[in-house]
Amino acid sequence: MYTPPHAYALGAGAYARISTESAAMSASPHQLITMLFEGARAAITMARHHMANGEIAAKGLAISKAINIIDNGLKASLDGEAGGPAGVELAANLAALYDYVGQRLLQANLRNDAALLDEAERLLDNIGAAWRDIGPQQAGAGAYLAAAPVTARLSIGA
């Protein structure tokens, strides 16, 4: 029986989606945020690959995926009220940083500029590293905001 090569790609894609969905369903809130950072980074990596290969449509889709993860995952998960009075300010600062990263990604797409992808990835990596350093044992109510003091050291243009 002959199986066309594209069938393997479809099967591998389905397996990856099921694996990701299964991981998300059994993940703690801390792990979910970590997965969002990893997903955004993977999308930016794919955008860089497509940009280098002149694959304009695929690049746009990858950048859109990264922006979607940032806006509808990371930014939407901010809860300043869970962090007390200082939490509101910290959440606002992180939201502004996520907006900035999204703008840099849009500019990277429009200008076909890999350096802007690098900047967005570096900013997300800094926040993601702070989040991973918190550890699941500390990821109780408002823990997402605990990553914010580390981001306060970040310069938006850095």
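## Overall Architecture

Read from one end of the sequence to the other, the chain follows the pattern α-α-α-α-α-α-α. It has seven helices and zero strands; helices (H or I, at least four residues) and strands (E, at least two) are DSSP runs, numbered from the N terminus. The structure is a predicted model, in which local features need pLDDT of at least 70 and side-chain atom pairs count only at pLDDT 80 or more, while totals for chains, interfaces and linings use all residues. Residues are numbered from 1 along each chain as its sequence is written, and side-chain values use heavy atoms, with hydrogens and water left out.

Of the 158 residues in the chain, 34% are buried. Here buried means under 20% relative accessible area, exposed means over 50%, and partly exposed lies in between (1.4 Å probe, protein chains only). The accessible surface of the chain comes to about 8,900 Å², and carbon and sulfur atoms hold 59% of that surface; the areas come from the Shrake-Rupley method with a 1.4 Å probe, and for residues only the protein chains shown count as cover. Among contacts (heavy atoms within 4.5 Å) with a separation of 6 or more, 67% join residues 24 or more positions apart.

## Confidence of the Model

The mean pLDDT of the chain is 79, and 68% of its residues reach 70 or more. This score is the predictor's confidence in each residue, from 0 to 100. Confidence is highest in H3, at a mean of 97, and lowest in helix H7 (residues 148–152), at 38. Over residues 141–158 pLDDT stays under 50, and for this stretch the model has 45 contacts beyond four places in sequence.

## The Nonpolar Core

The largest nonpolar core has 32 residues, and those with the most contacts inside it are Phe 37, Tyr 98, Leu 105, Leu 117 and Leu 124. Two or more residues of this core come from each of helix H2 (29–52), helix H3 (56–75), helix H4 (85–111) and helix H5 (114–134). The contribution of H4, nine residues, is the greatest. A nonpolar core is a set of buried Ala, Val, Leu, Ile, Met, Phe, Trp, Tyr and Cys residues joined through side-chain atoms within 4.5 Å. In soluble globular proteins, nonpolar side chains tend to be buried together.

H2 has 24 residues and reaches 35 Å from its first C-alpha to its last, close to the 34 Å expected at 1.5 Å a residue. The expected span of a helix is 1.5 Å times one less than its number of residues. The buried residues of H2 include Ile 33, Phe 37, Ala 40 and Ile 44. Just after H2, Gly 54 takes a positive phi of about 70 degrees. The 20 residues of H3 should span 28 Å at 1.5 Å a residue, and its end C-alpha atoms are 27 Å apart, which agrees. Among the buried residues of H3 are Ile 63, Ala 66, Ile 67 and Ile 70.

H4 has 27 residues and extends 40 Å between its first and last C-alpha, close to the 39 Å expected at 1.5 Å a residue. Its buried residues include Leu 94, Tyr 98, Val 101 and Leu 105. An α-helix has 3.6 residues a turn, so residues three or four places apart point the same way.

Asn 112 is placed in the loop between H4 and H5. Its phi is near 55 degrees, a positive value in a residue other than glycine. Most residues other than glycine have a negative phi. Asn 112 counts as partly exposed, at 38% relative accessibility. Ala 114, in helix H5, is also partly exposed, with a relative accessible area of 31%. Ala 114 and Ala 52 are 62 residues apart in sequence and 8.4 Å apart in space, C-alpha to C-alpha.

Glu 121 is found in helix H5 and is buried, with a relative accessible area of 10%. Its side chain makes a polar contact with the side chain of Arg 48 (2.8 Å). A polar contact is a pair of N or O atoms within 3.5 Å; within protein, one must be able to donate a hydrogen and the other to accept it, and residues adjacent in sequence count only if both atoms are side-chain atoms. Leaving aside neighbours within four places in sequence, Glu 121 is in contact with Arg 41, Ile 44, Thr 45 and Arg 48. Asp 125, in helix H5, is partly exposed at 26% relative accessibility. Beyond neighbours within four places in sequence, Asp 125 is in contact with Arg 41 and Arg 132.
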